[in-house]
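Please open the model in your viewer and keep the sequence panel beside it. The tour below goes from one selection to the next and says what is there at each stop.

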Amino acid sequence: LKRYTQLRGRNCASESEKFASDFVLKLLKKRLFSSPAAFLATLEKHERSLIQAVRKSGKPPTQSLGLLRRRVEGIEDDYADDDQYEESSNEVIEIASRFFRELTSEERSLLNELKRFARHFSDITDAKAKCLVKWLQRNIKPDNRWGDERVLIFTEYRATQKWLQGILAAHALATGERLQTIFGGMSTEETEKIKAAFQASLKDSPIRILLATDCASEGVDLQNHCSKLIHYEIPWNPNRMEQRNGRLDRHGQRAKEVSVFHFVGKGYKSQRTGETVSGHDLDGDLEFLMKAVEKVNTIREDLGKVGPVIARQVEEAMLGTRRTLETTKEEQDAKPIRRMLSFERDLRDRIKRLHDQLDETKATLRISPENVQRAVETALELAGQLGVKPVIVPDLDGPAFEMPTLTGSWAACSEGLAHPHTHKRRPIVFDHNLAIGRDDVALVHMNHKLVQMSLRLLRAEVWSQEDRMKMYRVSARLAVDDRLRDPSVIVFARIVVLGGDNQKLHEEIIEAGGSIREGRFNRYNVTETRNALESASDKDAPQHIKDRLSDMWPKLADPLRRALDARKNDRSNALEKFLLERRDKEINDISTILKELESAIKKELVREPDQQLALWPEVEANQYRRDRDALKRRLVKIPEELEAETLAINARYANCTSRLFPVAVTFVVPKGL
């Protein structure tokens with residue numbers, strides 16, 4: 001292959017042929033480093049395309065170099081379907097082959113030799129596959145017995161995956177559903193089934209080895225019970241390798257560290273000679289790829305800037321034009337950015353800030369597991385459904401409940417309770433801390449259908465007509481302790497802030513209250529109101545107390561209304577700064593987006609085509625001109641669009657008004673009364 005590459009590169013007659021030749025030869029080498037099976041499929045397609053390509057002497061091919069460049073860039077995108085990726089690759093090989101001159105006798109002889117090699121090794125276990133088998137026998141199936149470890153094996157190509165699957169099956173590493181495959185193009189149902197089996201605990205699922213292609217790697221979480229990953233080939237694109245690693249090396253991983261393995265030449269450690277590789281033979285190429293892996297591991301923070309440089313230099317090395325991996329300049333260029341953004345990369349601090357913000361929001365809205373549970377239980381009772389029942393779950397440090405059999409529209413709330421692998425119905429918990437790292441319980445969170453339906457019912461009940469009301473808007477509760485000396489009354493209200501265009505900008509529940517001493521109302525501040533609420537228990541006050549409070553209501557209503565209005569005004573003033581900051585952020589966001597669009601269009605307009613338009617096919621040239629005209633029209637409209645958007649946002653946040661809607665009243669009565 002090295003000799004074939006040299007011959008094709010040496011005799012290129014034009015820039016177009018050089019680009020096309022480099023693309024095909026890089027693809028062949030990639031496939032060779034993956035497996036003989038993947039190499040054979042691409043080699044045969046390359047040979048067929050060369051034979052079928054028709055070149056008219058002295059005339060350029062019907063396809064332009066620009067089109068070929070775009071098609072080559074296109075197959076570098078992430079594909080969700082392996083067959084579609086292969087089809088696109090074959091199409092680009094066919095297009096590229098039209099730029100090639102005819103094969104010389106030596107080149108034809110080399111192709112035949114490569115075919116014999118690939119066909120021979122496609123039918124046997126080569127050295128790399130043998131190494132993989134030994135590793136699996138030592139770590140996953142020691143002493144010919146399946147252990148308690150799982151491994152995720154990634155390959156770039158479906159052909160390699162099928163080839164490996166056959167080899168592992170031949171070595172008794174696929175018995176009893178221990179080996180599964182996941183690839184792009186599988187049905188969603190089948191993908192989710194295999195993912196659930198791999199994520200399930202080892203006692204519930206027999207799977208130990210998962211063979212995955214890159215097409216199946218994006219957005220798939222596989223970290224629950226696996227911490228070992230093998231790259232069957234080293235991706236030339238560092239971002240792809242990081243994407244693979246991210247399937248295990250992510251939040252929720254239970255192991256102390258994730259072990260990632262790559263293949264290297266046999267004498268890799270003894271042959272290492274600094275940054276320059278030992279030569280352009282197979283070992284040298286593998287050594288260069290491994291140096292790229294090590295570099296990625298040391299510059300993960302700068303991967304966005306340095307990664308493309310590594311990818312380009314890997315391609316140059318594979319074509320025999322580079323022996324040294326050099327990223328010093330790009331790493332230096334990234335240092336100021338890294339220093340500027342270092343605070344963002346301190347993950348612990350960032351998580352702590354977000355956690356504190358979450359706790360503050362939960363405290364403000366009183367979103368506790370107990371309150372969510374009470375809301376669900378109340379809603380189920382109002383809807384005439386059976387309630388949740390406590391159930392014991394082994395090793396669970398908190399309450400769990402059995403979901404009742406729900407009827408009517410509520411039946412949909414039971415969706416998702418079945419274990420993703422065993423399909424057994426799981427108990428529910430309301431506290432997310434109890435569900436962390438467990439798949440034997442289902443978390444009923446704020447966005448769960450059961451909670452959403454419960455809250456919709458409770459909201460409707462709050463505003464329902466008196467003759468249809470099932471839930472009272474006034475309650476009287478006993479205090480939990482003796483801290484409260486006098487009876488307290490708290491009123492809840494919904495405050496809605498409307499913008500200048502009558503759009504709702506903000507809403508929240510506020511409360512105001514005070515004590516009742518000798519029949520007179522004494523207003524509380526915000527802290528005293530909260531303390532009074534927190535002192536309320538679930539127990540109803542006696543009926544004679546309720547009657548006395550009811551008789552006192554005419555004297556309390558007006559001062560309570562004034563207290564609520566004062567609280568509304570205080571809260572509206574406090575929200576003014578918050579809304580102005582949000583307005584400025586919206587203006588800044590839309591301005592940034594449109595300016596980035598403007599910059600991108602300008603860059604595109606100054607870029608010249610790879611060849612003169614006169615050499616392009618007429619259809620392509622006309623389309624190219626239409627595209628540029630459309631970009632110019634879009635560029636002209638951006639300033640007026642930015643002005644219009646800014647005016648609209650300013651109008652939305654101008655002349656804000658607050659509306660108040662009283663919701664409910666709670667009396668809290670000291671035990672001493």
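**Stops along the chain**

Begin at asparagine 655, which is exposed at a relative accessible area of 69%, where exposed stands for over 50%, buried for under 20% and partly exposed for the range in between, computed with a 1.4 Å probe on protein chains only. This is a predicted model, in which local features need pLDDT of at least 70 and side-chain atom pairs count only at pLDDT 80 or more, while totals for chains, interfaces and linings use all residues. Residues are numbered from 1 along each chain as its sequence is written, and side-chain values use heavy atoms, with hydrogens and water left out.

Asparagine 655 sits in the loop between helix H22 (618-652) and strand E15 (657-669); helices (H or I, at least four residues) and strands (E, at least two) are DSSP runs numbered from the N terminus. Its phi is positive, about 55 degrees, although asparagine 655 is not a glycine.

Next, select glutamate 518, in the loop between strand E12 (504-517) and strand E13 (520-523). Here too phi is positive in a residue other than glycine, near 55 degrees, and glutamate 518 is exposed, with a relative accessible area of 77%.

Now show helix H4 (residues 65-75) together with helix H5 (residues 82-97), which pack at an angle of about 155 degrees with their axes 10 Å apart. The axes are lines fitted to C-alpha atoms, for helices over the stretch in contact, and angles run from 0 to 180 degrees between N-to-C directions. H4 and H5 are therefore roughly antiparallel, the term for angles over 145 degrees.

For the contact itself, select Leu68, Arg71, Val72 and Ile75 in H4, which meet Tyr85, Ser88, Ser89, Glu91, Val92, Ile95 and Ala96 in H5, contact meaning heavy atoms within 4.5 Å. By class, this contact of H4 with H5 has 7 nonpolar, 2 polar and 2 charged residues; Ala, Val, Leu, Ile, Met, Phe, Trp, Tyr, Cys and Pro count as nonpolar, Asp, Glu, Lys and Arg as charged, and the others, Gly among them, as polar.

Stay in helix H5 and pick out serine 89, which is buried at a relative accessible area of 1%. Leaving aside its neighbours within four places in sequence, serine 89 is in contact with Arg31 and Ile75.

Finally, turn to the cysteines. The structure holds 0 disulfides, a disulfide being a pair of cysteine sulfur atoms within 2.5 Å. The sulfur of cysteine 226 is 18 Å from the closest cysteine sulfur, in cysteine 131, which is too far for a bond. Cysteine 226 is buried at 2% relative accessibility, and cysteine 413 is buried with a relative accessible area of 0%.

Technical notes
Parallel < 35°, antiparallel > 145°, perpendicular 65-115°, else oblique.
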